[in-house]
Amino acid sequence: MVDDARPVPVLPWLAEPLRRALETQTAHALLLHAPGGVGQFELGLLLAQGWLCESTAVPLGQRPCGTCASCRLVAAHSHPDMLVLLPEALRESLGWTSADAEEGGEERAGKKKPSKDIRVEEVRAAIALALTTSSRGRGKAIVIHPAERMNPIAANAFLKTLEEPVGDARFVLCTAAPDGLLPTIRSRCQAIALELPPAELAAAWLRTQDVAEPEVLLAGCGGQPQDVLALVQLGVDAAAWRAFPGRVAAGDVSALRGWPLPLAVDALQKLCHDAASVASGAAPRYFAAETLPRRAFALGALLRWAGELRRVAEFAEHPWNAELSLESMVEQGREALQTPRSTQRRSEIDSLHLRR
Ligand SMILES: [Zn+2]
């Protein structure tokens, strides 16, 4: 389901923020922040495309038109007045590998691991573009995602551009972690906050993406629809999510085989969170109550498991023996979920900081 009034497909919950930003925002730097999995990168791209759109027929708030010469260049990732700064490690998964990513190709072909940072060379390329004359006469647009991944040198170089705006370049910074940005960068951007989409809207959209029983996975992903698609791509459907607590409680590590470690840790942290909630008399949040293996969880054992999960989470993005970590996390989970309840203080739940 997309907004049918628009000439290009827009995630339904982004249509209104896009219209509003196009019609009202004149700042030369915008900061789009939202929980992960909501679509701030998509919105950033649409805004940039909308600013550059050359349509004479489509009103500002309904742009981009998707058919003008400028929109076609954006779609081909070859617009001379647009630059998208992404960490090398994210380009492929975001489908943004041509044109501006060519210089990274050499690196990919070599042995070097793709960078998870946005580096100063990339920011310098953006500054250079900002200083040139617009090729097509509608200014220049630069999208930075995720903005908090600019390394310190890159962030400082970018800050100088914000302090002394040049010419007709406009920037969109997309982030799920605004606190990870320099406060001086944050304060010089006009902030736009995106909320989680209403559950019904997100579920309806997921159905159009062939996700069956989307409510189950939507709960599992904290209401973040794009995260649901990431799970589905791993082969996780609603039935698999319902079976997940039981499989972990049985020590079945194959429940997580093939998952990237950060996603595996995240799912286990959610299970641990829900078991701890139930142990303290609260409702589970990510899993349906009836799918949890037992009600009489021991909070102490869950706390130990939470500690182990936190420890692995800290290193989840680093080279690590993922298989070994998975086995150890699932084994601890099995123990934690099967340890019978003993005397415990209800307030212990407050010391749990399970979510990243
Ligand atoms: Zn257009």
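Is aspartate 168 buried, partly exposed or exposed? At 37% relative accessibility, aspartate 168 counts as partly exposed, where buried means under 20% relative accessible area, exposed over 50%, and partly exposed in between (1.4 Å probe, protein chains only). The model is predicted, so local features need pLDDT of at least 70 and side-chain atom pairs count only at pLDDT 80 or more, while totals for chains, interfaces and linings use all residues. Residues are numbered from 1 along each chain as its sequence is written, and side-chain values use heavy atoms, with hydrogens and water left out.

**Salt bridges**

- Side chains of opposite charge can pair when their charged atoms come close.
- A search of the whole structure finds 16 salt bridges, a salt bridge being a side-chain nitrogen of Lys or Arg within 4 Å of a carboxyl oxygen of Asp or Glu.
- In one of them, lysine 140 and aspartate 168 meet through their side chains at 2.8 Å, N to O; because lysine 140 lies in strand β3 (residues 140-144) and aspartate 168 in the loop between α7 (152-163) and β4 (169-175), the pair ties together parts that are 28 residues apart in sequence.
- Helices (H or I, at least four residues) and strands (E, at least two) are DSSP runs, numbered from the N terminus.
- Glutamate 163 counts as partly exposed at 39% relative accessibility, and arginine 188 is partly exposed with a relative accessible area of 36%.

**Zinc site**

- The zinc ion has as its protein donors Cys53 (SG), Cys65 (SG), Cys68 (SG) and Cys71 (SG), which lie 2.3 to 2.4 Å from it; donors are N, O and S atoms within 2.8 Å of the metal (3.2 Å for Na, K and Ca), and water is not among the atoms, so sites may look incomplete.
- The angles among the 4 donor atoms are 103 to 116°, and the site of the zinc ion is tetrahedral, a label that four donors receive if all angles lie between 85 and 135 degrees.
- Along the chain, the donors of the zinc ion follow the spacing C-x11-C-x2-C-x2-C, and both cysteine 65 and cysteine 68 are buried.

**Second largest pocket**

- The lining of the second largest pocket is made of 16 residues, of which Leu45, Leu46, Gln49, His77 and Trp96 lie nearest its centre; on a 1 Å grid over the protein atoms alone, a pocket is an open set of points with protein on both sides within 12 Å along at least five of seven lines, where a 1.4 Å probe fits, and lining residues have an atom within 4 Å of a point.
- Helices α2 (40-52) and α3 (69-75) each supply at least two residues of this lining, and the largest share, 5 residues, comes from α2.

**Backbone features**

- A cis peptide bond, with omega about 5°, joins arginine 63 and proline 64, and proline 64 has its place in the loop between α2 and α3.
- The peptide bond from histidine 145 to proline 146 is cis as well, with omega near -15°, and proline 146 is found in the loop between β3 and α7.
- Aspartate 210, although not a glycine, has a positive phi of about 65°; aspartate 210 is found in the loop between α9 (199-208) and α10 (214-220) and counts as exposed at 73% relative accessibility.

Note on methods: Four donors count as tetrahedral if all angles lie between 85 and 135 degrees; four count as square planar and six as octahedral if opposite donors are over 155 degrees apart and all others between 65 and 115; anything else is irregular.
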